[in-house]
Structures are given as structure tokens and as C-alpha cells.
Amino acid sequence: MSSPRLVDGDLIADLEARNLIHDSTDRELLRAAVAEGPVGIYYGCDPTADSLHVGNLIGLVVLRRFQDAGHRAIALAGGATGMVGDPGGRSEERNLLDEKTLSYNVTKIKEQLGRVVDLTDEQRGVLVDNRDWTREIGVLEFLRDVGKHVTVNQMLARESIKVRINSEHGISFTEFSYMLLQANDYLWLHDNLGCSIQIGGSDQWGNIISGVDLIRRKRHDHVHAFSWPLLTGSDGTKLGKTTGARVWLDAAKTSPYQLRQHWMQIADADVEAQLLTFSLRPVAEIKELAAAHGAAPQLRLGQQALADDMVTLIHGADAAAAATEAAELLFSEDLGAASEAALQALAAEIPFSRMTAMELAETPSALVAMNLATSNGDARRTLAQKSYSVNGVQLDEKAQLSDHKPLHGKYLLIRKGKKSHHLVEQVL
């Protein structure tokens, strides 16, 4: 199961080099199981929103790394656990969702998962929903078959439980039971899909290790698990749906352009770590790229590589190219070769309006309508200062916007100074 793209041909060593293993069961037994493979490995996320986010992306990319190395990726949408709510990383209980909403969310999430992990061949990758095996379990059956194998002492010792018990909001029995449900998921996946590794963020470690213990107690089998360090925002909070920055994988919530800007804004000091975490490039290539970035950080080579890799992975090469071109158009002096896709992407990101040729012929009032001038007089003074350009061509006080040929027969990109932009679509 080795690959020349991996560190020493060892997938676990590759993950270690990327700082993607925080906690783990016996490391050498885990390494041996992966080397002997193929193994089934699962990552779960609760469909409490209709989109996954950048925090989930770590798990999806780890699944992809295993899939690329010949293992079976199992993505779990927690329709059942999502109805309960995980106490980990939260200060208060989340709102419970109805089954119709959860089903819709699972459908949306599957689309996003399928862009990162290949779900077209069930032997390589599969999406499961834990409602399918949880909804028919009776309470007495669950207490007998799962609850009796986990002590309250063990549950109280988990950090996520201790934090909530000691908080002002406390913890309900509903959320307290989440750990048992997740442990049962691992047991079911082990029995039915041959899963032998569970992964997740370090805040999930208590829940993850409960599944390992349950399988050991009920099946006398040794299975594996590991977690990665939490991704945090600049303020130190967990980067997720309800805490920290919100960067979604659904293009309707975070556009490819906005997603690109997220990666472009990564601090220079964080570029290498984020490339190692998210990019599918080999570690050696990332090290070389990080060195080149460090030698000339003003070129932003690291951020550009990260943005290109991640937008391509999540939204495809065409969307990534359009997002990159759209960002470059804002600072380009030559817009003649601008693609329509890039202009359409830009229309969703900067001030945009539709105007007729007659409206554009009244240049000062058109600039006021675009909020690029406060009055006709202000527009004329700014025109005289040659602070406006249209499609990269500088305007003067005698120029008319309507005199300029629209890009693709309809687009005019007006710039004031270096930072103010407005895109106009000329209509009849």
C-alpha cells in the first residue's frame, strides 16, 4: 500500500509530517494495519446545516488521502446523531432539527462530499446515514446492547462532557447520550462495512475512543482511531458552522471567488502548515514551495498555490480559473482578454448594476448612480483628475462611458482610484 508520493511510502508517516495526527490508538499497530490494507476508514459529520465548512474539509481530505492510497473511504452523515447534538466544542445545546430538514441537508452534503471523495464506486468510497441503522433500535435494546458496556465514570471523564457539566448551561441527557450513539456507529460500520479506523478532530477524541472501547468489549476486536489538531480562526475559536469564521463548501453560501480570497488571506506564517493540512501535493513539493514563498513572500506563491488547489478540489478547475481571473481583473490594466465567466463571477462579488446606453451617455449622473461619485460636480472633478477608468482605459472630463465597447458585448468595469469598482451590464 505504499506510494512514492508519500513520505517514505508510508501513509501514517505522511500524515505525521503534515501534523495531521494529534491523538491515536497504538501508533505502530495503526501503521501496520494501514500498511497491510486495504482498510475501511470513516469520518462523520452531522448534517446540522445544508453545507459543510472548511473545518470539515480536513476530514474529507484525509479520507481522500486514504482513498488515493487504495483504502475504502466511508463518509458518515449523522442524520441520527444530528437529531441529538454533539456537546463537544460547544457552550450550550444546539437546536434540534426535524427529519425533513436533516434529509435535505444530507442530500446537499452528499454533493459536496462527492467533489472531494469519489463516491461513484462503493468499494472505494461510500456515504452512509446513521439513521438507517439507528431509527429502528428500541430504547431497551439500546440500553442493553450499548449502554451496559460503557460506564458513567468513563463518560464523565471525557473532556467535552466535563466542560459542559461545569458550564452555566449544563448538559441534557440527550446530548450526554451522543457518545453512545457515535460508539454504536463505529460498531455498526465495523460489523457491516469492515471499518477498522475512525478519524475526527481532537475535540471528538472522547467520542471516537468510546467506539474503539465498545468494539473491543463486544467483538473482542482491536480497531484503530486517530484525531488531528483543531483548525482555529484568528481569534483562537474553532472554525465551524456556529463558531469562528464561516467558510462554506456550498458555492451558494461561499462563492468560489470568496473561497479563493479566504485562502489568499492566509498569513505568511501559516502558509506551509495550511498547505500541508489541505493540499494533496506531496510533502516534499510543499516544502520546496514554502521555501520559495519564504524567499519572496510579496509574490504570495504559497497563498496562490493553496487557493488554486482548494478551489479546484471543491468547485472544479473551471470555477477556480474564473475566480482567479476575476480577482486579477480588479487590478489589471488590460481587460481585452477577460473571459465572460470571470466577469460573471465578478458580478456577484462587487457592486453591479444594469444600465442602458442612454443612461451611460450621461457619464456624471451614471457615476453617481454607481456610488462612484457623490454628485455630478464631484464626478466631473474626479474625471478631470483622471481617476476613473473603464475596461482598463483611463477617462477624462470629455469621455463618455457609452463610447467604450463593452466586453463580450455587455460589460463595463469602472474603476475609481485603486480600490473602488463597479461592474455594469449594458442592456437595451
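My notes on this predicted model follow.

**Cores.** I looked up the nonpolar cores first. The largest one holds 55 residues. I listed the members that touch the most other members: Leu57, Phe66, Ile197, Ile199, Phe226, Trp263 and Phe278. Helix α3, residues 54–68, gives this core its largest share, eight residues. I also found a second, separate core of 28 residues. Val128, Met155, Phe176 and Ile208 are among its members.

**Trp263.** I then asked which residues Trp263 touches, leaving out those up to four places away in sequence. I noted Val54, Leu57, Gln274, Phe278, Gln303, Leu306, Ala307 and Met310.

**α14 and α15.** I turned to a helix pair. Helix α14 spans residues 283–295 and helix α15 spans residues 301–315. Their axes are 8 Å apart, at an angle of about 140 degrees. I therefore wrote the pair down as oblique. From α14, the contact uses Leu289, Ala292 and His293. From α15, it uses Leu301, Gly302, Gln303 and Ala305. I sorted the residues of this contact into four nonpolar and three polar, with no charged ones.

**His190.** Is His190 buried or exposed? I placed His190 in helix α10, residues 178–193. Its relative accessibility is 16%, so I count His190 as buried; the cut-off for buried is under 20%. Setting aside residues up to four places away in sequence, I found His190 touching Cys195, Ile215, Asp221 and Val223.

Technical notes: Residues are numbered from 1 along each chain as its sequence is written. This is a predicted model: local features need pLDDT of at least 70, side-chain atom pairs count only at pLDDT 80 or more; totals for chains, interfaces and linings use all residues. Side-chain values use heavy atoms; hydrogens and water are left out. Axes are lines fitted to C-alpha atoms, for helices over the stretch in contact, and angles run from 0 to 180 degrees between N-to-C directions. Helices (H or I, at least four residues) and strands (E, at least two) are DSSP runs, numbered from the N terminus. Angles under 35 degrees count as roughly parallel, over 145 as roughly antiparallel, 65 to 115 as roughly perpendicular and the rest as oblique. Contact means heavy atoms within 4.5 Å. Ala, Val, Leu, Ile, Met, Phe, Trp, Tyr, Cys and Pro count as nonpolar, Asp, Glu, Lys and Arg as charged, and the others, Gly among them, as polar. Buried means under 20% relative accessible area, exposed over 50%, partly exposed in between (1.4 Å probe, protein chains only). A nonpolar core is a set of buried Ala, Val, Leu, Ile, Met, Phe, Trp, Tyr and Cys residues joined through side-chain atoms within 4.5 Å.
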